[in-house]
Amino acid sequence: MTGRAIRAPFWRNSGAIILRLVLLYSATLVNLTLYPGARSAVLKTNAVETAAKALMGTQAQQSAALALLQNLSLSRAAHERVISSGFLQQLPEITHPSQPPSTRLRALATVEHLASVGENMGALLHMRAINLAIRELAIKPGDTDCQKRALGILLNMSYAAPSEDFLTANETLDAIGSFQ
């Protein structure tokens, strides 16, 4: 040995590295997480928690963070961390109709992924994800892609939790019926 210090792999370092990657190389990191193997490596870091914090940043930071959360939420292994990261608590603001459709779309896609697993229903129902989907369907004229994701949330929730009362609520049925 020459006495050089051996550095720990990047995923063992603090969130500062991930935050820097998200901010400086967001497109590369986000695209990388489209691949399951790379997604698994990124999940070994605190990328989920760092992305959730970046949601309170600038529009560019928020956009990169949402894209990262959307891709990471494709992995069921990330769901618990996404839910506990504070992402759900920020949904009402992130999906507000005043937000750009691209922002709402990424947030809704992430919720749609989370809604595909029955174990997530408690958290989603507690944070009123159903109301966010209904609100998205009620926007006139609405963004078709966002509305499709909202319908996807309702569909996934109905499959994952078929006995929940929200399925037959008049508000839910009216929202679905109003989609064109």
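Mentor: The term pLDDT denotes the predictor's confidence in each residue, on a scale from 0 to 100. The structure before you is a predicted model, and helix α8 (residues 101–114) has the highest mean pLDDT among its elements, at 96. The lowest mean, 58, belongs to helix α1 (residues 15–24).

Trainee: What is the average pLDDT of the protein chain, and what share of the residues score at least 70?

Mentor: The average is 82, and 79% of the residues score at least 70. Over residues 5–14, however, the pLDDT is below 50. That stretch has 8 contacts in the model beyond near neighbours in sequence. Where pLDDT is low, the predicted coordinates should not be read in detail.

Trainee: How many helices and strands does the protein chain have?

Mentor: There are 12 helices and 0 strands. Read along the sequence, the pattern is α-α-α-α-α-α-α-α-α-α-α-α. Of the 180 residues, 43% count as buried. Contacts between residues at least 6 apart in sequence join residues at least 24 apart in 69% of cases.

Trainee: What makes helix α5 largely enclosed by the rest of the structure?

Mentor: A residue is called buried when its relative accessible area is under 20%. In α5, 10 of the 14 residues are buried, so this helix is largely enclosed by the rest of the structure. Among these buried residues are Gln62, Ala64, Leu66, Gln70 and Asn71.

Trainee: How does the reach of helix α5 compare with what is expected at 1.5 Å a residue?

Mentor: Helix α5 (residues 59–72) reaches 20 Å from its first C-alpha to its last, which is close to the 20 Å expected.

Trainee: Why is Leu69 called buried?

Mentor: Leu69 has a relative accessible area of 0%. The cut-off is under 20%, and therefore the word buried applies. Leu69 lies in helix α5. Leaving aside neighbours within four places in sequence, Leu69 is in contact with Val48, Ala51, Ala52, Leu55, Val82, Phe87 and Thr110. The C-alpha atoms of Leu69 and Ala47 are separated by 8.6 Å, although the two residues are 22 residues apart along the chain.

Trainee: Phe87 and Thr110 are both in contact with Leu69. In which helices do Phe87 and Thr110 lie?

Mentor: Phe87 is in α7 and Thr110 is in α8. Phe87, Leu88, Leu91 and Ile94 of α7 meet Thr103, Arg104, Ala107, Thr110, Val111 and Leu114 of α8. The axes of helix α7 (residues 87–94) and α8 come within 10 Å and cross at roughly 145 degrees. Their crossing is left-handed.

Trainee: At what angle do helix α10 and helix α11 pack, and how far apart are their axes?

Mentor: Helix α10 (residues 129–138) and helix α11 (residues 144–160) pack at about 145 degrees, with axes 9 Å apart. This crossing is left-handed. On the side of α10 the contact is made by Ile130, Ala133, Glu136 and Leu137. On the side of α11 it is made by Cys146, Gln147, Ala150, Leu151, Ile153 and Leu154.

Trainee: What makes α10 mostly covered?

Mentor: Of its 10 residues, 7 are buried. They are Ala129, Ile130, Leu132, Ala133, Ile134, Glu136 and Leu137.

Trainee: How do you know that Ile134 is buried?

Mentor: Its relative accessible area is 7%. Buried means under 20%, so Ile134 qualifies. Ile134 and Leu154 are 20 residues apart in sequence, and their C-alpha atoms are 8.6 Å apart in space.

Trainee: Why is Ile139 also called buried?

Mentor: The relative accessible area of Ile139 is 16%. The cut-off is under 20%, and therefore Ile139 counts as buried. Ile139 is placed in the loop between α10 and α11. Beyond its neighbours within four places in sequence, Ile139 is in contact with Pro97, Arg104 and Gln147. Ile139 and Pro97 are 42 residues apart in sequence, yet 7.3 Å apart from C-alpha to C-alpha.

Trainee: Which peptide bond is cis?

Mentor: The bond from Lys140 to Pro141 is cis, with omega near -15 degrees. Pro141 is in the loop between α10 and α11.

Trainee: Is Arg128 buried or exposed, and what is its relative accessible area?

Mentor: Arg128 has a relative accessible area of 54%. Exposed means over 50%, so Arg128 is exposed. Arg128 lies in the loop between α9 (121–126) and α10. Its phi is positive, about 60 degrees, although Arg128 is not a glycine.

How values were computed. Residues numbered from 1 in each chain as written. Predicted model: local features only at pLDDT ≥ 70, side-chain atom pairs only at ≥ 80, totals over all residues. Heavy atoms only, no water. Helix = DSSP H or I, 4+ residues; strand = E, 2+ residues; numbered from the N terminus. Buried < 20%, exposed > 50% of the residue type's maximum accessible area, 1.4 Å probe, protein only. Contact = heavy atoms within 4.5 Å. Expected span 1.5 Å × (residues − 1). Axes fitted to C-alpha atoms, helices over the stretch in contact; angles between N-to-C directions. Left-handed = near helix turned anticlockwise from the far one by under 90°.
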